[in-house]
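This report concerns the aromatic side chains of a predicted model. How is a pair of aromatic rings described? The description uses the distance of the centres and the angle of the planes.

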Amino acid sequence: MGMESVLVQATPSQLQEFQENSRLVYQYVTGDPGEGDEFARMEAIARATFNRMGIPVHMRQTVESEFRTMAGMKGKPGPHPATPQQPQADKKEFSLNKAWHVLHYALNGTVEGGDAPLGFVVFGDKEFPEMEDVDYGPTRYLEPEQVRQVSAALQNIEPKSLLSKLNYEDAKKKRIYLDHTLNDLGNWTHLPELFIELRKFYLYIDAAEHGNGMIMKIL
């Protein structure tokens, strides 16, 4: 896939849980069950293979013991690590695909950052504690109040005006991702529609019956 951005809603309780255990937020955003479950799957496959091949019990026990040792070395409490409070099926997410950097550039004119709240739209604000699975940078998030501020700011932007913010030469100097495609704005006629859908997503998360935060991750 490479260099694609996803935004995922998170309840206040989830944000707190993820701050305490950053491994969980990576699993939640990517859908990766984590190394603990991977060891469990490997162990189950090995067992089935042993049964099919008639491997003696003492040899099975030795290999299964090695699996458990390997899982312990990875710092896992057991084959099934803790999961986020909210079921994965209830996860609400929005993908910017590969347009994330061009959209940020159109909104802010910068490589990264910018004045709040528009500087937070794509990249978020605060970072979760860094971990091994960083992909293309840290996982960031917005608190519910920041989501409300972003949502309000997005309502004041005319979607079609974003195309006029795309400057090929400036984007090349700043090394905006996909800058080479900006030499022909015909490549980006979909940007206003993408922005509208993103604005709806923010508005949904910001709604009174939800009041959730937002997680941002580039994969």
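## Aromatic pairs

With ring centres required to lie within 6.5 Å, the count in this predicted model comes to six aromatic pairs. One of them joins F18 and Y28, whose ring centres are 5.4 Å apart. The planes of F18 and Y28 stand at 35°, so this pair is classed as tilted.

## The pair F18 and Y28

F18 belongs to helix 1 (residues 12-20) and Y28 to helix 2 (residues 22-30), so their contact ties together parts that are 10 residues apart in sequence. Both F18 and Y28 are buried.

## The pair W100 and F123

W100 and F123 form an edge-to-face pair, with 5.9 Å from centre to centre and 90° between the planes. W100 is located in helix 5 (residues 100-108), whereas F123 lies in the loop between helix 5 and strand 3 (126-127); the pair therefore ties together parts that are 23 residues apart in sequence.

Are these two residues buried or exposed? The relative accessible area of W100 is 5%, so W100 is buried, the limit being under 20%. F123, at a relative accessible area of 11%, is likewise buried.

Note on methods:
Residues are numbered from 1 along each chain as its sequence is written. This is a predicted model: local features need pLDDT of at least 70, side-chain atom pairs count only at pLDDT 80 or more; totals for chains, interfaces and linings use all residues. Side-chain values use heavy atoms; hydrogens and water are left out. Rings of Phe, Tyr and Trp (its six-membered ring) pair if their centres lie within 6.5 Å; planes under 30 degrees apart count as stacked, over 60 as edge-to-face and the rest as tilted. Helices (H or I, at least four residues) and strands (E, at least two) are DSSP runs, numbered from the N terminus. Buried means under 20% relative accessible area, exposed over 50%, partly exposed in between (1.4 Å probe, protein chains only).
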